[in-house]
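Subject: Structure handover

Hi,

Here is the structure I promised to pass on to you. Please have it open while you read, as my notes follow directly after it.

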Amino acid sequence: MAHRHAVTGRRAALAALGALVATGIPAAAAEPAPAPGPPPSAAQTLGADRPSPGLLRAMERDLGLTPAQASRRLVNEAEAGTRAGLLRNALGERFAGAWLRGATSQELVVATTDAADVSAIEAQGAKATVVKQPLRDLRAAKEKLDAAAARVATAKTPLWYVDVPANRVVVQAASRSDAAGFLEAAGVDAGKVGVKVSANRPRLLEDITGGDAYYIDGTARCSVGFSVTKGEQQGFASAGHCGKPGSKTTGHNQAEQGTFQASTFPGKDMSYVAVNDQWTATPNVKGEGGQALQVTGSVQALVGAAVCRSGSTTGWHCGKVEQHDTSVSYAEGQVDGLTQTTVCAEPGDSGGPYVSGVQAQGVTSGGSGDCTSGGTTFYQPINALLEAFALTLTTAEAEEEEPAPQDNAVQTWAAGRVYEAGATVTHAGVRYQCLQTHQAQGPWSPVGTPALWQRV
């Protein structure tokens, strides 16, 4: 009887989402909207309904889409991110991941470990799948692999990650015996891990430029990722392997530019360069044909979403997000928390920015393959970089504010903070739960952005 009562309670909680979601677009919370009229849709909040022509052309070329399909995909992905966040919060520990399928990302799939959740998931317009392992258990197994990699050599097991659609952890290795040794060292059950045998090893894409080139200590060359600020100081984010704290930089025109203030590599692949007063931070990223694309935020894209990269060697290319929280063992050291993509890249493209629509995603770390035969690339997520170095992303719409100190307790919402999906805040005396990982922008207060926040 107690079990039936628990199941009934869970179904009621999920059914309550029906009042919050209609045709994939969150409706207004019970709290009155700050202005007359309906609240903005997820696509409007994230700028997915206003794509640049260059972004659409690249998606058409690399993903085989028509202009209408490319536009529809961006809108679908923005709206699916909000629905996935609502379901993540409702499912709690039973949540096993969410991902997108279809040429226009028209299908959102949400996994649960309890068949009792299926009807409620489907009521929100998502396809439900019942799996054995919750996402938290998969992440715990990957954390064991991360820890083992600090003790054992990983030259022959250079890649491991949580494959959310397959509901398993995957290890890429030179042979099955190499994978077995790594799993044994980590204390992870080999029966629950998939093994991908491949001779490829990701490499850092050095001697590089992305949007704009910059030079380190007059020798190495890297690329600007995204403009950022720290208080009144302007600068940019880039890859950690590009330089160490104190290294001097010159710009694409060889003029004096700035100094590395912070850099982490290996472990992570992130850096922050503060520039002198001759340089001005902008929200621009070089898109197709060198045209400027302006980022409006940093809402993390779902697995399966389209993502595009800018690089000086191969230009503007698009693909899909394959996995988040991937660990890569480069020859130079292990890097955790990267995102794996199908976007092609070549040496000279490293450090460049990745965007999904007009949302910043990360900076190029490394990869394998090329843009002739195809390949795999990895980026350092921008939200982790912003949080680690207390930076604010420069966007087209936001008021630039210094990030407030963060802690694990329920906190008052503030622009500039990075909020993980599931985080709880208060705003105007009301509690909200975060639906999608992002850095809060000035116009994105919880009351006006049901695409990002759920009233609880």
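Let me begin at the end of a helix. Ala 390 comes after H8 and has a positive phi, near 55 degrees. Please keep in mind that this is a predicted model.

The helix itself, H8, covers residues 382-389, and its buried residues are Ile 382, Asn 383, Leu 385, Leu 386 and Phe 389. Viewed down the axis of H8, these buried residues fall within an arc of 160 degrees, so they line one face of the helix.

Of its 456 residues, 56% are buried. If you take the contacts between residues at least 6 apart in sequence, 60% of them join residues at least 24 apart.

Next, the aromatic rings. The count comes to five aromatic pairs. One of them is formed by Trp 160 and Phe 182, an edge-to-face pair at 5.1 Å centre to centre with 70 degrees between the planes. Trp 160 belongs to strand E6 (residues 159-163) and Phe 182 to helix H7 (residues 176-186), so this pair ties together parts that are 22 residues apart in sequence. Both Trp 160 and Phe 182 are buried.

Tyr 419 and Trp 453 also make an edge-to-face pair, with 5.2 Å between the centres and 75 degrees between the planes. Here Tyr 419 sits in strand E27 (residues 418-419) and Trp 453 in strand E31 (residues 453-455), so the parts tied together are 34 residues apart in sequence. Tyr 419 and Trp 453 are both buried. Elsewhere in the chain, ring pairs link Tyr 214, Phe 236 and Phe 260 into a cluster.

Asp 269 is found in the loop between strand E15 (256-264) and strand E16 (270-275).

Best wishes

Key. Residues are numbered from 1 along each chain as its sequence is written. This is a predicted model: local features need pLDDT of at least 70, side-chain atom pairs count only at pLDDT 80 or more; totals for chains, interfaces and linings use all residues. Side-chain values use heavy atoms; hydrogens and water are left out. Helices (H or I, at least four residues) and strands (E, at least two) are DSSP runs, numbered from the N terminus. Buried means under 20% relative accessible area, exposed over 50%, partly exposed in between (1.4 Å probe, protein chains only). The arc is that of the directions from the helix axis to the C-beta atoms. Rings of Phe, Tyr and Trp (its six-membered ring) pair if their centres lie within 6.5 Å; planes under 30 degrees apart count as stacked, over 60 as edge-to-face and the rest as tilted. Contact means heavy atoms within 4.5 Å.
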